[in-house]
Amino acid sequence: IRATAKLPEIDAYIRKVNKGPRPLRPREVQVMQREAFAQLRVIKMNWPVETGTSRAGWRQSVIGRMGQVAIVFENPIFYSAWIVRKGSHSVAAGGEPWFTKLEEQGATRRQAIAQSGQGSISAGTAASRLRAALGQVL
């Protein structure tokens, strides 16, 4: 599983303030990592568990490249894409993999923010807006 949460509103803010694009600075990466870890805790708290192996496999990373700011959530455990909520049909029987909730809800929330015109982010509210951009992932 690899889910990338692109953050065009962060890129837009950087372009606006700096009169052009630039990569994230180390302090900005730290803020992003802190918020990504908070989202990762939510993912892990809501991840269905039988043995705990796939829940323990979750990790995150921040991409701070110029014009491509994003947070990546991934789980390399080979069967993670087949995990469904308890009581649901298996993926093979047409059930929906649990990780798709992460992708769908994150994309829906980012789209709503972009349409509402909340694209600029002040330094004082960067962390709260980042949380809003990622939305409730599960």
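Colleague: In strand 3, which residue is the bridge partner of isoleucine 63?

Modeller: The partner is alanine 70. A word on the source: this is a predicted model, where local features need pLDDT of at least 70, side-chain atom pairs count only at pLDDT 80 or more, and totals for chains, interfaces and linings use all residues. Residues are numbered from 1 along each chain as its sequence is written, and side-chain values use heavy atoms, with hydrogens and water left out.

Colleague: What makes strand 2 and strand 3 a pair?

Modeller: Strands pair if DSSP finds at least two bridges between them. Strand 2 (residues 59-63) and strand 3 (residues 70-74) are joined by 5 bridges, so they pass that test. They run antiparallel. Glutamine 60 stands opposite phenylalanine 73 in strand 3. The two strands form a hairpin with 6 residues between them. In its turn, glycine 67 has a positive phi of about 75°.

Colleague: How does strand 1 pair with strand 3?

Modeller: In the antiparallel sense, over 5 bridges. Arginine 2 stands opposite glutamate 74. Alanine 5 has isoleucine 71 as its bridge partner.

Colleague: How many helices and strands are there?

Modeller: The protein has 5 helices and 3 strands. Both are DSSP runs, numbered from the N terminus: helices are H or I over at least four residues, strands are E over at least two. Along the sequence the pattern reads β-α-α-α-β-β-α-α.

Colleague: Why is strand 3 called largely enclosed?

Modeller: 4 of its 5 residues are buried, so the rest of the structure largely encloses strand 3. Buried means under 20% relative accessible area, exposed over 50%, and partly exposed in between (1.4 Å probe, protein chains only). Of the protein's 138 residues, 39% count as buried.

Colleague: Which side chains of strand 1 are buried?

Modeller: Along strand 1 (residues 2-6) the side chains alternate. Ala3 and Ala5 point to one face and are buried.

Colleague: What makes a set of residues a nonpolar core?

Modeller: The members are buried Ala, Val, Leu, Ile, Met, Phe, Trp, Tyr and Cys residues, joined through side-chain atoms within 4.5 Å. The largest such core here has 15 residues, and Leu24, Met32, Val69 and Ile71 touch the most other members. Helix 1, helix 2 (26-46) and strand 3 are the elements that give it two or more residues. Helix 2 gives the most, with 4 residues.

Colleague: How do you know whether methionine 32 is buried or exposed?

Modeller: Its relative accessibility is 4%. The limit for buried lies above that value, so methionine 32 counts as buried. Methionine 32 lies in helix 2. Its C-alpha atom is 7.9 Å from that of isoleucine 71, 39 residues apart along the chain.

Colleague: How many aromatic pairs are there?

Modeller: A search of the whole structure finds 2. One joins tryptophan 47 and tryptophan 58, at 5.1 Å centre to centre and 80° between the planes. Tryptophan 47 lies in the loop between helix 2 and helix 3 (53-56) and tryptophan 58 in the loop between helix 3 and strand 2, so the pair ties together parts 11 residues apart in sequence. Tryptophan 47 is buried at 3%, and tryptophan 58 is buried at 4%. The other pair is phenylalanine 78 with tyrosine 79, at 5.1 Å and 85°.

Notes
Phe/Tyr/Trp six-rings, centres within 6.5 Å; stacked < 30°, edge-to-face > 60°.
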